[in-house]
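User: I'm new to reading structures and would like to know how the labels get decided. Can we go through some of them together?

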Amino acid sequence: MSWEESVVDDPLLTIKDLTVDFESFDGIHKVIDGVSLSVGRGEVVAIAGETGCGKSVTMKAILRLLATADINGEMIYDGQDLQAMSDREFSMLKGREMSMIFQDPMSSLNPVFTIGEQLTDTAQFGGRGTTGVLEYLKRKYTGNGREEARQRAIDMLREVQMPDPEDVMESYPTQLSGGMCQRVLIAQALLNEPTMLIADEPGTALDVTIHDQILTLLKRLIEERDLSLLMITHNLGVAREISDRVYIMYGGRIVETAPTEDIFAEPKHPYTQGLIASIPRLTGGEMAKGIDGSVPEYLNPPNGCRYHPRCPYAYERCRSERPPMVEQGATTAVECVLYDQPSDTAREIPTIERTRQAMDGHPEAPQPTMESETDD
Amino acid sequence: MSTISQERGWIDRRIPEARRESWRRAWLRFMNDRVGFIGLLIVVVVILLAILAPWIAPHPEHAGSFTDFPNALQSPSLDHPFGTDQNGRDVFSRVLFGFRLSLMLVVVVLGFGVPVGITLGMVAGYYGGRTENVIMRMTDTFLALPPLVMALAITSALEPNLVNAMIAIAALWWTWHARLTQSLVSSERNEAYVEAAKIAGASTPHIMFKEILPNILSPILVKITLDAGFVILIGAGLSFIGVGAQPPQPGLGTMVSQGTTYLPGSWWVALFPGFAIMFVVMGFNMVGDGLRDLFDVEVDR
Amino acid sequence: MQYWQYIVRRLLGVLVSLVGLSIIIFAVSRILPGNPARMALGPLATDEQVEAFAADMGIDQPVWMQYIQYMQGLLTGDLGMSLETRNQVLDDIIRHLPATIELITVAISFTIVLGIGLGILAAQHKDGHIDNATRMLAFATVSIPGFFLGILFQLIFGWFLGIMPITGRISREFRDEVTRETGFMLIDTLLSGSLAAHFDAWMHILLPALALSAAGIGQIMRITRSTMIDVQRKDYIEAERGFGLPNWLVVYKYTLKNAFVPVLTILGLLYASLLGNAFLIELVFNWPGLAEYGVNAVLSNDFNAVVGVVMTIGIAFVTVNFVVDLLLGRVDPRIQLERSGLT
């Protein structure tokens with residue numbers, strides 16, 4: 001079985017060769033360039049990478065939230081082809097099967113409606129995209145199920161450990177703190193008992209202690225409800241804390257995937273190593289260095305491996321061809337030519353120590369063996 | 001991990017080029033926008049016609065109190081493309097001179113109103129507190145009166161003629177710019193670059209006009225363009241009532257007003273000046289809309 | 001903060017506005033060069049007559065005394081005598097006001113219904129043919145002088161097609177049937193029980209109201225369109241779609257209410273230009289309203305009447321904007337915090 005068929009036995013969501021292009025005044029931006037991933041039932045999967053590497057776009061592409069993009073590839077959810085679904089069918093899936101938690105809690109709640117109004121509507125009509133106007137008016141004003149939906153919303157607020165849920169129902173989003181807004185959004189996402197959650201950096205916008213509480217809450221809810229979770233994060237620490245398996249994304253491509261433990265124990269891709277090396281450590285007393293350079297632009301992305309302009313191990317081959325995804329056991333794969341070479345021409349296999357030396361500018365550190373390309 | 005991207009160096013290298021590039025692009029984008037382009041064309045044509053009126057009008061002497069009764073109320077022809085009016089004057093020539101009066105009004109009103117409004121709004125927005133309250137209270141009170149009504153009252157208190165109409169409108173126009181500038185400045189005054197300039201010891205006028213003003217210029221520019229059309233409309237309205245340009249001056253509104261007497265038979269006397277007003281106002285509005293899209297700012301009229 | 005606290009604060013703001021308004025109008029009315037009494041009486045009057053008249057009007061007093069008298073008058077509803085009609089200005093205004101209110105109310109209803117409706121339509125078909133067509137329509141309506149549009153309507157519907165009346169509020173044949181009860185022709189005709197007269201009143205108000213509302217329709221349409229598009233890009237709308245709410249619910253409930261905020265704000269400001277344009281439209285359609293009275297007062301230097309009319313319009317504007325503020329506070333709770341801090 002190839003790694004991209006399914007690294008898990010029983011996938012709930014499978015994405016294959018996803019590409020997303022945006023057309024602008026300047027030309028075509030190839031933002032997602034052949035992403036494949038899968039999420040198993042009850043599995044927690046993280047997509048990690050720097051800001052601007054295409055994580056959020058991947059998520060929005062899955063959820064059909066990109067109106068102007070050109071999306072290609074295969075997306076299968078629970079045996080159904082998402083691309084083939086009509087908007088109507090898809091809106092029945094959203095909210096009830098697949099639900100999502102958005103990045104910024106403060107801006108993801110409608111400022112001119114009370115929390116109660118928004119939650120009750122979601123409880124009654126979320127994932128029921130075909131409900132008509134008359135049905136809505138009937139249910140809202142004849143109290144047909146309205147009270148019950150409201151009660152469900154309150155119970156859900158209680159479940160996300162919201163203090164004074166009744167008061168919160170009457171409040172407007174601006175009257176709540178960021179952490180409370182985040183809890184409301186989690187409650188809203190879970191109201192219709194979805195099977196799968198897609199979360200875009202939940203809690204990142206909040207301060208650290210609140211962020212921690214939110215993650216703990218999320219972890220508990222996932223376990224209790226046996227949810228599948230696809231979580232996007234730029235924070236490897238979060239991925240480590242919560243996920244079973246990690247995809248590392250760079251420049252619109254998946255560059256490495258492995259079970260969470262393995263990826264921290266033995267990162268393979270130079271980019272992954274760079275990410276891990278730049279996690280600040282409490283010991284050592286020195287600030288961690290970041291990886292030099294920045295994420296590639298998508299209008300004229302670097303040829304070959306998109307990471308090569310920043311990679312200390314890069315050589316000619318990296319520049320000319322896109323590296324193959326090299327399997328390293330059943331659930332691990334890495335997109336790097338260093339793992340795909342005949343043993344007689346073997347170049348140095350990157351290790352995290354060597355990568356760290358390179359980042360620190362150590363004299364014996366690996367140097368790119370070609371003229372570094374300017375990326376402007 | 002989020003410290004990976006390091007953009008230093010990138011910024012210093014690109015700023016001057018980037019600025020030039022963004023202006024070039026803005027220009028390209030503006031010209032790409034059909035509405036803005038057509039509007040600009042209209043405005044340029046009208047300005048040229050107005051400036052050159054004494055030389056290109058077929059009958060420049062008809063701009064004033066000329067009479068040629070045998071030729072009165074002639075329908076449009078090659079010699080008189082817009083026909084002739086009740087005094088036998090060429091309507092086309094008078095429309096060209098009408099543009100002159102309209103544009104003069106715009107220049108006077110905005111030339112006075114914009115600097116005064118920006119200065120007051122800047123002071124209010126920058127200092128905040130009581131200064132802001134007093135200035136904005138005053139502004140709001142002026143805003144409570146429709147410009148046309150207020151101009152009507154002021155003009156009548158003085159003496160109804162074009163100069164007084166200009167004074168009256170100019171005396172009101174600063175309010176709109178004070179409002180706009182104040183709201184822009186008050187959201188700008190806590191920005192880091194303002195703080196930086198203060199710490200660097202820059203003088204207050206320097207901070208106001210050299211630091212803040214360039215940053216809020218685009219909405220003001222859009223507003224000025226839209227204003228031009230609005231001022232012309234109000235001037236035409238005053239002339240139509242009879243308290244703006246006085247006959248035999250070729251005010252566009254005056255011409256419409258006098259032409260209504262000869263409707264519907266001699267429709268050209270009223271209709272061509274009317275459409276002329278619409279033409280020039282539309283030109284300014286289209287440019288304003290193009291600029292608004294370009295700068296991506298929201299400005300009310 | 002409680003809603004009633006917000007209302008009280010806004011009310012205080014209204015009071016300050018009104019005082020400011022009275023000062024501005026007083027100042028304007030007293031910058032009159034020359035002698036208003038002489039102007040009113042004409043060149044043939046003797047000096048004694050002029051002096052007596054001036055004393056009668058109270059314009060021989062020092063300015064501050066005049067202001068106090070003027071404020072006393074305002075507060076007791078005594079706006080003085082019209083030099084032209086020789087009636088109390090207040091009575092004249094009360095007689096002319098209903099026609100104007102009626103015209104403006106119908107016009108603003110057109111503005112709201114057509115402006116918001118077309119704006120939503122344009123937003124839903126962004127960059128399509130409908131969008132382009134409404135954009136052109138908006139340019140045309142905003143750029144054409146209201147009085148000229150009125151004249152065009154008269155030409156087309158009155159003279160050319162001959163299907164609409166072009167002046168006045170009601171046809172001659174109904175004039176005796178309808179007695180003046182409220183002063184609002186649309187209501188009075190109903191009270192008189194004649195449906196034909198009621199229909200006739202509608203036919204009379206349609207063209208002036210449409211001409212008056214045109215500019216507003218264009219503006220409201222554009223602002224509705226752009227805010228609808230803006231709001232649709234917001235995170236919370238994306239989130240609501242993400243939760244699988246029905247599309248129409250997201251558009252007509254969750255998006256529209258947000259879009260109302262700028263639309264309402266503009267509507268309040270628009271009221272001023274509507275009042276201004278009513279002056280011109282009433283002239284064109286021979287509509288016996290406040291504006292017609294005001295213009296006549298201006299042209300005949302009847303300054304008591306001018307002051308009364310301008311004051312009435314100022315009060316109307318301040319009141320309408322107070323109502324708009326209350327509505328805004330209801331629609332968007334954030335505004336209560338924002339605005340009460342400012343004023």
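User: What makes 110-194 of chain A a domain?

Analyst: That stretch is domain 1 in the domain assignment of chain A, and 267-360 is domain 2. The bounds come from an automatic or database assignment, so the label rests on that assignment. The C-alpha centres of domain 1 and domain 2 of chain A are 46 Å apart. Keep in mind that this is a predicted model.

User: How do you know what confidence chain A has?

Analyst: Look at pLDDT, which runs from 0 to 100. Chain A has a mean of 82, with 91% of its residues at 70 or more. Watch residues 371-376 of chain A, though: pLDDT stays under 50 there, and the model has 6 contacts beyond four places in sequence for them.

User: Why are E7 and E8 of chain A called paired strands?

Analyst: Pairing takes at least two bridges between the strands. Strand E7 (residues 196-200) and strand E8 (residues 228-233) of chain A have 5 bridges and run parallel, so by the two-bridge rule they pair. One bridge links A:Met196 with A:Ser228 in E8(A).

User: What makes E6 and E11 of chain A edge strands?

Analyst: Take the order of the open, 8-stranded sheet in chain A: E6-E7-E8-E3-E9-E10-E12-E11, with mixed pairing. Strand E6 (98-101) and strand E11 (325-327) each pair on one side only. On average, neighbouring strands of this sheet are turned by 20° against each other, direction ignored.

User: Which way does helix H7 of chain A run against E6(A)?

Analyst: Helix H7 (residues 178-190) lies across E6 and E7 of chain A, at about 175° to E6(A).

User: How do you know that chains B and C touch?

Analyst: Residues are in contact when their C-beta atoms lie within 7 Å. By that test, 41 residues of chain B meet 41 residues of chain C. On the chain B side, helices H4 (129-143), H5 (147-157), H9 (217-241) and H11 (268-295) each give two or more residues. That side divides into 28 nonpolar, 8 polar and 5 charged residues.

User: And what does chain C bring to its contact with chain A?

Analyst: Chain C brings 22 residues, against 31 from chain A. Helices H11 (235-242), H12 (247-285) and H15 (333-342) of chain C each supply at least two of the chain C residues, and H11(C) gives the most, with 7. By class, the chain C side has 10 nonpolar, 4 polar and 8 charged residues.

Notes:
Residues numbered from 1 in each chain as written. Chains lettered and ligands numbered in written order. Predicted model: local features only at pLDDT ≥ 70, side-chain atom pairs only at ≥ 80, totals over all residues. pLDDT = per-residue confidence, 0-100. Contact = placed C-beta atoms within 7 Å. Helix = DSSP H or I, 4+ residues; strand = E, 2+ residues; numbered from the N terminus. Nonpolar A, V, L, I, M, F, W, Y, C, P; charged D, E, K, R; others polar. Axes fitted to C-alpha atoms, helices over the stretch in contact; angles between N-to-C directions.
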